[in-house]
Amino acid sequence: MDAVKEIRSRTVVLSNDDIDTDQIIPARFLTTTTKQGLGKNLFADWRYEKDGRERAEFALNRPENRGAAVLVAGSNFGCGSSREHAPWALLDFGIRAVVSTAIADIFRSNSLKNGLIPVIVDAASHRWLLDNPGAEVRVDLESSTLEMNGKRVAFPIDRFSRYCLMNGLDQLGFLLEQEAAIRRYEQAHA
Amino acid sequence: MQSLFEKIWGKHVVAPETDDTPAVLYVDLHLLHEVTTPQAFDLLRAKGLPVRRTDRCLATLDHSTPTVPVKTLKDLELVSEPSAAKQVRQMEKNCKDFGIELRGFASRDRGIVHVMGPELGATQPGATIVCGDSHTSTHGAFGALAFGIGTTEVGHVLATQCLLQRKPKTLAINVGGRLPADVTAKDLILKIIGTIGVDGGTGYVIEYRGGAVSALSMEERMTVCNMSIEAGARAGMVAPDDTTYQYMAGRPLAPQGAKWDAAVAHWRTLPSDTGAKFDKEVDIDVASLRPMITFGTNPGMVMSIDDTVPEGNDTAFRKALAYMQIESGKPLLGLPVDVVFIGSCTNGRLSDIREAARILRGRRVAERVRLLVVPGSADVKRQAEAEGLDEVVRAAGGEWREPGCSMCIGMNGDTVPSGKLSVSTSNRNFEGRQGKGARTVLVSPLTAAAAAVRGHITDPRELVG
Ligand code: SF4
């Protein structure tokens, strides 16, 4: 995983609440055995017409949104299935942070393990972002803030995940270092 | 004074959480299926790591498997999408390479992972149970701490038998009253989701408590805990009691003999202490609950079957109703249906098929309706067939299939055509969940069977004796 310290980008907005992981990546694309190449199927049923052409009006397809790396979404983003294919697809497409008032637990945990930053903000900041699609923002991990509309809004992120993200470390390394404690636990509970 | 959750959490901490690091939590049972594990096994291969505790893995094939009979792998290639067949073969290879027993096509045990675990007695009170699957919450019905994880975490557990976790908050849902006749556990959990909302449980572990919950059978408790994730909660649990122990006794992977007695003695210490504190509590009374049905594109958009569809003016609500081709202010009763699916880890157990059979027996499925009944496991299938329930389904004009996830997720062949209305006993009515463009309403097995025979949405209480 590459280290990530900050993301500067325009935003792209999907304002619906409760966008579930079946929308982010429909189940029929889950028969893959790798992580790569899922970006083309991101939001497949919203993004494409029946004949496979892109739907011009869908936010991610609009020319002004191409290349935007920060997705602003309605509340409870990523609910539903635990499929890690959802953050894999977002990252493969080029999204590197998701901003909302609430982000579902499993999706949030999966995102942190792949370098996709979940940014939870207050309702007023969220409202402003929804109303100003294409705004220039900056996600800063060191200070755990989102710079938007000329101010800095703090977002919660646990220190451990932040450390791993900023240093490009996967969390397995930390777990493997717990070997002695794990062995003690297993002996005590055999 | 501790809650059930706190007792289990406390017993599984290998290293406590600090400001800087999450807790290291030991996992007693790791359930595995073909969809969310291939990339985890790849990680182990890339790092040259073995699976630490193959004896704590329980693996099966359920999502990408066809529900037409498959005897050999050669047949699999004939009936499957190539990518689905490849995924199944990859699972067989991964289990073989890493020394994990796979309950695959040849196994008498094969089934949806959340049906199979309890059935084998692998799901036990007080245990920590994880799976790369959000409906792992099902196993909480036994008083276990069971939750879904992502594929990266599947790799963590395979390699270390541990997970990094921050301690979640606790939510007590106190369910008072008694469920009226022919109102089911499915109706109860739909009511709960409708009450607290699809994000009402985010960040929490739910404990379902109260007289109406204690009165439920194990299969009913599993239906309730199963859909905790539909309220945003990763885990839902019910305190173990005699109902739990009676269900478990004698199951192949449950403790036997003296070990059983010791285990039960320990399990009896697990229920939340009187006065245990929860971070949040919600009270719900079910004495006047009616059968429930969803009308939108998430499980929180739900109402009593004889209500009219509510009004809502935000865009998501309007978009959902437009997708469903359903209008505010109108009833759902009488709405023509195209497909009825009875199955899934929510309602694919023996008692669910028995319930459906109460309505199907001696009746015919309506002219233009396709009824698909998919047992949750090979064991459910055998038991149902021993009772002649397969014949009841066939005589009614329904299809009786091999076990698997089937039309709950539409990953191998069983899908609802675009635009068609499906009445389903599964757990998700998201856009396209049962097939691209499919419109899904979620109900109990009784309500599903009633829709199948009438050809339109029907209050099942009109058809049960
Ligand atoms: S039956 Fe449906 S919800 Fe249950 S495990 Fe299978 S796909 Fe998931």
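Q: Why is Arg290(B) called partly exposed?
A: In this predicted model, Arg290(B) has a relative accessible area of 28%. The class in question lies between under 20% (buried) and over 50% (exposed). The value of 28% falls in between, so Arg290(B) is partly exposed.

Q: What makes the pair Arg290(B) and Asp306(B) a salt bridge?
A: The closest N and O atoms of Arg290(B) and Asp306(B) are 2.8 Å apart. The cut-off is 4 Å between a side-chain nitrogen of Lys or Arg and a carboxyl oxygen of Asp or Glu, so the pair qualifies. Asp306(B) is also partly exposed, with a relative accessible area of 35%.

Q: How do you know that Arg290(B) and Asp306(B) link distant parts of the chain?
A: The two residues are 16 residues apart. Arg290(B) sits in the loop between strand 12 and strand 13 (292-294) of chain B, and Asp306(B) in the loop between strand 14 (302-304) and helix 12 (315-324) of chain B.

Q: What makes Arg354(B) and Glu387(B) a salt bridge?
A: Their closest N and O atoms are 2.5 Å apart, and the limit is 4 Å, so the pair counts. Arg354(B) belongs to helix 14 (residues 350-360) of chain B, while Glu387(B) is in the loop between helix 15 (378-386) and helix 16 (389-395) of chain B, so the bridge ties together parts that are 33 residues apart in sequence.

Q: Why do Arg354(B) and Glu387(B) count as partly exposed?
A: Arg354(B) has 39% relative accessibility and Glu387(B) has 36%.

Q: Why is Thr274(B) called exposed?
A: Thr274(B) has a relative accessible area of 75%. Exposed means over 50%, so the label applies. Thr274(B) lies in the loop between helix 11 (257-267) and strand 12 (280-285) of chain B. Thr274(B) and Met1(B) are 273 residues apart in sequence but 7.2 Å apart in space, C-alpha to C-alpha.

Q: What is the size of the area buried between chain A and chain B?
A: The size of an interface is often given as the accessible area lost when the parts come together. Here that area is about 4,600 Å², with carbon and sulfur atoms giving 57%. In chain A, Thr31(A), Thr33(A) and Tyr185(A) lose the most area to chain B, together 15% of what that side buries. The contact takes 50 residues from chain A and 61 residues from chain B.

Conventions. Residues are numbered from 1 along each chain as its sequence is written. Chains are lettered from A and ligands numbered from 1 in the order in which they are written. This is a predicted model: local features need pLDDT of at least 70, side-chain atom pairs count only at pLDDT 80 or more; totals for chains, interfaces and linings use all residues. Side-chain values use heavy atoms; hydrogens and water are left out. Contact means heavy atoms within 4.5 Å. Buried area is the accessible area (1.4 Å probe) that two parts lose on being put together, summed over both. Helices (H or I, at least four residues) and strands (E, at least two) are DSSP runs, numbered from the N terminus. Buried means under 20% relative accessible area, exposed over 50%, partly exposed in between (1.4 Å probe, protein chains only).
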